Amino acid sequence: MRLSERFRATKRAPILQVLKSAVATVAAWLLAGWLIPGPLPVFAAIAALLVVQPSVNQSLGKALERSVGVIAGVVIASLLGLAFGPTSWVILAAILIALLVAWALRMTAGTSNQVAISAMLVLALGGTSPEYALDRVLETLIGAVIGIVVNALIVPPVLVDPAREHLARLGSELAASTDRLAEALRAPQRPADLTELMLEVRLMRPMRDAAAAAIADAEESLTLNPRRSAHRSGIVEQHRLLARLSPIVTQVGGMTRAFVDHYDDDLAAEPTVRAIAEQLQRVAHDIRLAVHLAEVDPEPLTSAIPALTAPLQIAPPKSDHWILIGSLMEDLRRIREELLEDDLPPEPTARRARE
């Protein structure tokens, strides 16, 4: 890892977030300085700067973390300052005691650091009176409130679009993997082709995890957000779509794994295998249709009619491929159940499968 990667992010934060942090910091400084005359309102400015987060809910959490840490640190510093005075060794002792108190109370890492920093700043700035301590707590509360208000009122962040993009990529890759498997079933494959097929299908799992994380971030960004009503239905639809696609990711991966493990050059000549390949292409179409109907992918489709219209009926295989064919058929049945959401009644015979 390069040294620059230790302190540089992979992408810049939105410029709007930077501007909101600046606005909150300046507003906290001016308001706290006006309401609480005396020392410079450093605590208010720091609180406002830290509280402006990527979501309103995170801002509330950071405000609580910051406020609790400051109150605990100020109390510790005031007690030690009154007892021993603001000397160097008292400051060091305050830091140690603050960390131990935070550890004993099972505070988070951020809160623990805040307790120690607040205790150090109070003693270092020379304030040991109860009035000074109370003013610093009030400063922090003012800064935290301003940070929340600024983040909530100035274009509160909504992370629905990134989640939609992740889902669109997942759906596109899942449909492409299904098409690739269908093509592989129709023609003899080289060892390199089989390896490439497995490598490509394995991409779907991290994409599924990324989509789930993006949806969670989007849902979290709507908590306490004034704009949540306009986006709530979209999050519900994204959850539904991911719930449908996730099992299909597993099934397509399993079908690909079974095909690679049981491959031989005679597979392409098996009539049932060719029929399964056709059904896989129908699956790919219906995956794209599901993603499109969920308004995740706005690209127009060549057909908006589902392609999985009837269960595939097969005869017993005439070769030694019955293990592979049985495995593929079972996975197709499960995929069909996900795509059709169990709208069709179960088939009466065991040799029929839902693709």
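**Ground rules.** I number residues from 1 along each chain as its sequence is written, and my side-chain values use heavy atoms, with hydrogens and water left out. As the model is predicted, I take local features only at pLDDT of at least 70 and side-chain atom pairs only at pLDDT 80 or more, while totals for chains, interfaces and linings use all residues.

Which elements give two or more residues to it? I get helix 1 (15–35) and helix 6 (130–153). Helices are DSSP runs of H or I, at least four residues, numbered from the N terminus. Helix 1 gives the most, with five residues.

I then checked I15, which lies in helix 1. I15 is exposed, at 61% relative accessible area. (Exposed is over 50%, buried under 20%, partly exposed in between, with a 1.4 Å probe and protein chains only.)

**Entry 1: salt bridges.** How many does the structure hold? I have 14 salt bridges down, each one a side-chain nitrogen of Lys or Arg within 4 Å of a carboxyl oxygen of Asp or Glu.

**Entry 2: helix 7.** I looked up two pairs here. D161 and R164 meet at 2.5 Å, N to O. They sit three residues apart in helix 7 (residues 160–186), so about one helical turn separates them. D161 is partly exposed at 46%, and R164 is partly exposed at 25%.

For R186 and E183, I noted 3.6 Å between the closest N and O atoms of their salt bridge. These two are also three residues apart in helix 7, so again about one helical turn lies between them. R186 comes out partly exposed at 32%, and E183 partly exposed at 42%.

Entry 3: R257 bridges to D261 at 3.0 Å, N to O. The pair is four residues apart in helix 10 (residues 232–261), which means a separation of about one helical turn. R257 is partly exposed, with 33% relative accessible area. I also wrote down a network: salt bridges that share partners join E330, R333, R334 and E337.
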